[in-house]
Amino acid sequence: MAATRRPARAVLAGAGAFALIATASPAIAGPADLSDLPAYSTQLDRPQATDSAFVTECSEEPRDLPINEFTDHRELGVELDRIERNSDGRVDVEQVGRSNRGREIWSARVGTGPKAVLITSEIHGNEKTGTDAILDLLDWLSTSDSAKAKRWLKELTIVAIPKMNPDGAELDRRGNDMTWEEVTARFPQLRGSEPAWNYYTGSLQGDDYSDRPGFDTNRDYHPDLDYVPRAEDFPGTSEDTGWYITPESRTVRDVYRGLTAEFGEVDVYVDLHHQGACYVMPDDPDEFVTLSISGKFVDDPATTQGYEQYAADYDLDYSKLLNVAVYNALQGAANNRPLFGNVTLYPQDTNLPGTGLGSFALNGSGTVLFEVRGQTQTLGQQYRAVLTRAVYIGLDGMLSAVASGRVDKLDPADYDAIPPRGPSIGSDASEERKAASHR
Ligand SMILES: [Zn+2]
């Protein structure tokens, strides 16, 4: 079943090694990267008849849509096992934790380089393209003998957690599957506290949490990696730090802490998400935003009370450079398929120290947020292949720039010139839904 579930990958395996040459601008990618790009189908890079669907009506009204082409939890285990076995020792797959419902949380580690890169996906279970993009990347890096792959393996140590929230992913919803009672059973000091503000018990994005409540695990991080939950810190707010009350965020924290101990710092942290389906380009309301990116998640710690201790490590400029590398790679790909160029900057006024990106940025990592168009309740798997490909191109460009050192020659001012995200034209873009439809 795993062998047939994703027809596109069979095509990819047989495609020529020169596939992407025409889409990479030499001025951006540099000649060294043009000769050894990974093999995949050119089909995805050319305009498709379905691209016109990107400029028609749009709705944020939740619907039940098929998602079977995405990689579910069981299939992920099969795929990671296959990649590890075929990699001749390059890829090491480990179970690094368990979800609240006991599902394995896997990491895949590849490369022996001095720069540690942590990539996570599906912290929100209805945001799935990042998982498939990670598998495609591992697929290539696990077997390629190209000069490019060898450079990555020598310069980078990549650790990917492709499905951070498997319980939410199996339920195809944003939150995990955990009750407040389960939290207080583990942390008795919280008995009598008001449940965390990010505890879902009602209706959200078409999902009814009343029978199976859960948390937005992407508000459960704290920049103090040794933080222990305290009653006086609840219920908290979106502008506050989180608590590591969910086993899923604790697992990522533990991996991050382990890499910090091993490498001194985690050079890059990437978190892969989806946003609302109906955002348009700021200068063209007929073009939907394919992807928003960001490197800014918290207020400057140097001037924020209570965060001064993180100011010395925080490096917003490096995050900007990483995002510029993502942006440039997608603009290069847009030479052939324009929708890859519809990349905007995610709103820069966010202050979310309780997110993984916020907490790890405060610990000194360069950080990159991907926000691909449309969660499963609005787009299902309709644009799975091309959106997965957009994530792949962005990751590929950024990691290439880090591995080659080219990232340091980029200009942070180019980040500030990335166009801002335009408005949502969704027919049901209510305030409540908009608030829940990002990150
Ligand atoms: Zn998200």
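**Entry 1: the whole protein.** I reminded myself that this is a predicted model. I looked up the secondary structure and found 14 helices and 14 strands. Next I checked burial: of the 439 residues in the protein, 52% are buried. I also looked at contacts with a sequence separation of 6 or more, and 80% of them join residues 24 or more positions apart.

**Entry 2: helix α5.** Which residues of α5 are buried? In this helix, residues 147-155, I found K148, A149 and W152. They lie on the same side of α5, because they cover an arc of only 100° around the axis. I then turned to the face pointing away from that buried side, where I noted the exposed residues A147 and K154. What covers the buried residues of α5? My list includes α4 (129-141), β4 (156-161) and α12 (384-404).

**Entry 3: α5 against α12.** The axes of α5 and α12 come within 9 Å and cross at roughly 65°. An angle from 65 to 115 degrees counts as roughly perpendicular, so I wrote the two helices α5 and α12 down as roughly perpendicular to each other. The crossing of α5 past α12 is left-handed. On the α5 side, the contact is made by K148, R151, W152 and E155. On the α12 side, I noted L399, S400, A403 and S404.

**Entry 4: the cores.** I went on to the largest nonpolar core, which has 93 residues. Those touching the most other members are L118, L138, I293, L330 and M398. Which helix gives the most to this core? I found α12 again, with 13 residues. I followed up I293 and, leaving out residues up to four places away in sequence, found that I293 touches N323, V326, Y327, V343, L345, Y346, V368, L369 and F370. A second, separate core holds 13 residues, among them Y199, Y200, F234 and W243.

**Entry 5: R212.** Last, I looked up a residue in a loop: R212 sits between β7 (207-208) and β8 (214-215). R212 is 35 residues from D177 in sequence, yet their C-alpha atoms are 6.2 Å apart in space.

Notes
Residues numbered from 1 in each chain as written. Predicted model: local features only at pLDDT ≥ 70, side-chain atom pairs only at ≥ 80, totals over all residues. Buried ≥ 20, exposed ≤ 12 C-beta atoms within 10 Å, placed from the backbone. Helix = DSSP H or I, 4+ residues; strand = E, 2+ residues; numbered from the N terminus. Arc of directions from axis to C-beta. Contact = placed C-beta atoms within 7 Å. Core = buried A, V, L, I, M, F, W, Y, C linked by C-beta atoms within 7 Å. Axes fitted to C-alpha atoms, helices over the stretch in contact; angles between N-to-C directions. Parallel < 35°, antiparallel > 145°, perpendicular 65-115°, else oblique. Left-handed = near helix turned anticlockwise from the far one by under 90°.
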